Amino acid sequence: MMKTRKQMKRLGRMSLKKHYVIFVAACLIAAFLASEFTSSLNFSTAQNYEETYDQVQSDLNGDGTYSIKTKVDSIGWADVIRIIVEDNMQAGKEMSQEIRQNAIEDSENGNPMFGRTRGVLSNIVNQVSSGSIIVTAAAAIGSITGSDNLGILILIIIGALGLFIFWFLIQNTFPVVIRRVFLEGMIYDRVTTQRFVFLLRVKKWLKASWIMFVKYVYYSLWCLTLVGIVVKHYSYFLVPYIVAENPDMTARQAITLSRKMMKGHKWQCFVFELSFLGWEVLGALTMGIFNILYTNPYQMASFTRYYAELRAEAIEKGIPGSELLYDTYLYEKAESYVIAAKYPDVIKVMEQPEDTVEKLTGWRGFLARNFGVLLLRREQERAYERHQADYVRVHSMIDDVQREAYPVRLYPIPEEERRKFVQSLNYMRHYSVWSLITIFLSMSVFGWLWEVGMHLVSYGEFVNRGALHGPWLPIYGTGAVLILTVLNRFRKNPALEFGTTIVLCGFLEYMTSLVMEVATGGTKWWDYSGYFLNLNGRICAEGLLVFGIGGLAIVYVIAPMIDDLVNRFNERKVMVICTVLMVFFLADAVYSQIHPNTGKGVTDIEEARRTDPAHQVSGKQIQA
């Protein structure tokens, strides 16, 4: 017997309570993508483009050129596009340049943190906010075609095609994505963000997009009739749920099955929707905020339960097409013997006892557990490394075995194996002191090569970058070692590793800049003033972003590869080579404290900025 609305709502609230964060996030993303729940974002104020457009039109001179007579703050790239589309390329170009120049002047006179004169990020912000990227594209196409009109037309076509592709692949398909998340959240305790790419893993994203597109076309045609607007809304109501369960069917099969399953339930579904009216009113009174935080995920969770009831009824009645709803483990947990048959490798790792390295005591155990550092590589440590490699390979499926998450190996369509290359590198390994020294020296040399190369490309001259005289920039090596040791406990979560890497490297770079400036009597070794989102010129957003990406590469790829290379050589030879190189490095560091490497291309920052027409100092100025 089908559950009542009250029962389905209660079950929906239970699911929401277990998965509140990911459910709210899914609905919020759908709202931002304009896929669903868009009315919940009405509290954000929109710019009155019509008023701005009228003002812009009044600023067009009789010769088609443009002069600003109003507050530039009220004019944006949308107005530039309108002027260009009206076949006035020169006016659009002048307007974008004026907007760009005003933004730069405002940044120089305002908060220095929001600089707009230097750096890649500043250039991107200026290009987008002023609309000059549109003007450049239109002019480029016009120069190729030999006609500004044809260039504008092609630009419009490309823009329209881009919008359609975005709608087809993202907005049109995301309802399927979030319903998959809600379906897995019905009976399982864990639903991770990886489930948002479920369709990619089973290689059915395009197929799901096509099914939803056909459903949209059918409904649009039915909307030409007054009756079809309401009736077909409920006839096709279950299509995204059906596709979320089985994206490997034709569009006709999904639509037909939804229509048959909803037969006799359209009024019931309408009343169910109506029962949330009070919550919608409360959301309206809070300008959509309550809808975002509660009503939207609550309603979606409840209707997911409603779909489960209609699905069970369809299978019981033997409705044609119901045999395509074969994802049994969305609605019931697998028996232990079924799990055991599909996950023998995972179970083997789970049943293997922890290696004795975890039982190390004293300062050796402290270093191993908290910083991932091993002073020696005995057989016990090597056994632990092998166990850690197995754990990294299967840890994402441990929840499946424990029946806390959806068992991906039991899905009828096999999912792709995840991160084979990265897993094979065993990024959860411990590093010996000699491996860390090798990584430090390697990344320091890489940093020097990077800085020298960037300066050579930008200015056409070779400059020995850095405060030291040797071919190394130790801030790069220090950052790499700190990421591997201080952030050791965050490696299991790449997103958390990325965020903490940015914080750690930002702190390291800021303090290094401050200490070096104080120690050398006020000499600046790098300056990010003018970069968008900089802090006192010592750190900037785009630099921290590079650090975050580079940190992930070091943790998951570069450092494990260097460690593997070190382990291939005789340990005594590695110790000798590392010791000799560190002696040279320390000697250079001591000498450079008395006679630091300064001069052209190193500490003449103001001169470099004055002689650079674009006011762009390429790369990060000297690393300590």
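These are my notebook entries from a look through a predicted model of this protein.

**Overall**

The protein has 624 residues, and 47% of them count as buried. I found 29 helices and four strands listed for the protein. Then I checked contacts with a separation of 6 or more: 74% of those are between residues 24 or more positions apart.

**S444**

Next I looked up S444, which sits in helix α24, residues 433–459. Is S444 buried or exposed? Its relative accessible area is 1%, so I put it down as buried, the cut-off being under 20%. I then asked which backbone atom the S444 side chain has beside it. A polar atom of that side chain lies 2.7 Å from the backbone oxygen of F440. Leaving out residues up to four places away in sequence, S444 touches P471, W472, L473, P474, Y476 and G477.

**Helix α28**

I wanted to see whether α28, residues 571–594, has the length I'd expect. With 24 residues at 1.5 Å a residue, α28 should span 34 Å, and its end C-alpha atoms are 35 Å apart, so the two agree. At the N-terminal end, N570 is the cap: one of its side-chain oxygens lies 2.9 Å from the backbone nitrogen of R572. I also listed buried residues in α28, and got V574, C578, M582, F585, D588 and S592. The spacing made me think of the helix repeat: there are 3.6 residues a turn, so residues three or four places apart point the same way.

**Helix α26**

I ran the length check on α26 as well, residues 494–519. This helix has 26 residues and reaches 36 Å from first C-alpha to last, close to the 38 Å expected at 1.5 Å a residue. At its start, a side-chain oxygen of N493 comes to within 3.2 Å of the backbone nitrogen of A495. After α26 comes G521, with a positive phi near 70°.

**α12 against α15**

For a helix pair I want two things, the angle between the axes and the distance between them. The axes of α12 (residues 226–235) and α15 (residues 266–274) come within 9 Å and cross at roughly 90°. Which residues make the contact? From α12 I wrote down V231, H233, Y234 and S235, and from α15 K266, C269, F270 and E273. Sorted by class, the contact has four nonpolar, two polar and two charged residues.

**Y218**

Y218 is in helix α11, residues 205–222. Its relative accessibility is 33%, so Y218 counts as partly exposed. Apart from neighbours within four places in sequence, Y218 is in contact with Y236 and I255. Y218 and Y236 are 18 residues apart along the chain, and their C-alpha atoms are separated by 9.3 Å.

I have A34 down as partly exposed, because its relative accessible area is 42%. At 55% relative accessible area, N536 is exposed.

Note on methods: Residues numbered from 1 in each chain as written. Predicted model: local features only at pLDDT ≥ 70, side-chain atom pairs only at ≥ 80, totals over all residues. Heavy atoms only, no water. Helix = DSSP H or I, 4+ residues; strand = E, 2+ residues; numbered from the N terminus. Buried < 20%, exposed > 50% of the residue type's maximum accessible area, 1.4 Å probe, protein only. Polar contact = N/O pair within 3.5 Å; in protein donor to acceptor, adjacent residues only side chain to side chain. Contact = heavy atoms within 4.5 Å. Expected span 1.5 Å × (residues − 1). Axes fitted to C-alpha atoms, helices over the stretch in contact; angles between N-to-C directions. Nonpolar A, V, L, I, M, F, W, Y, C, P; charged D, E, K, R; others polar.
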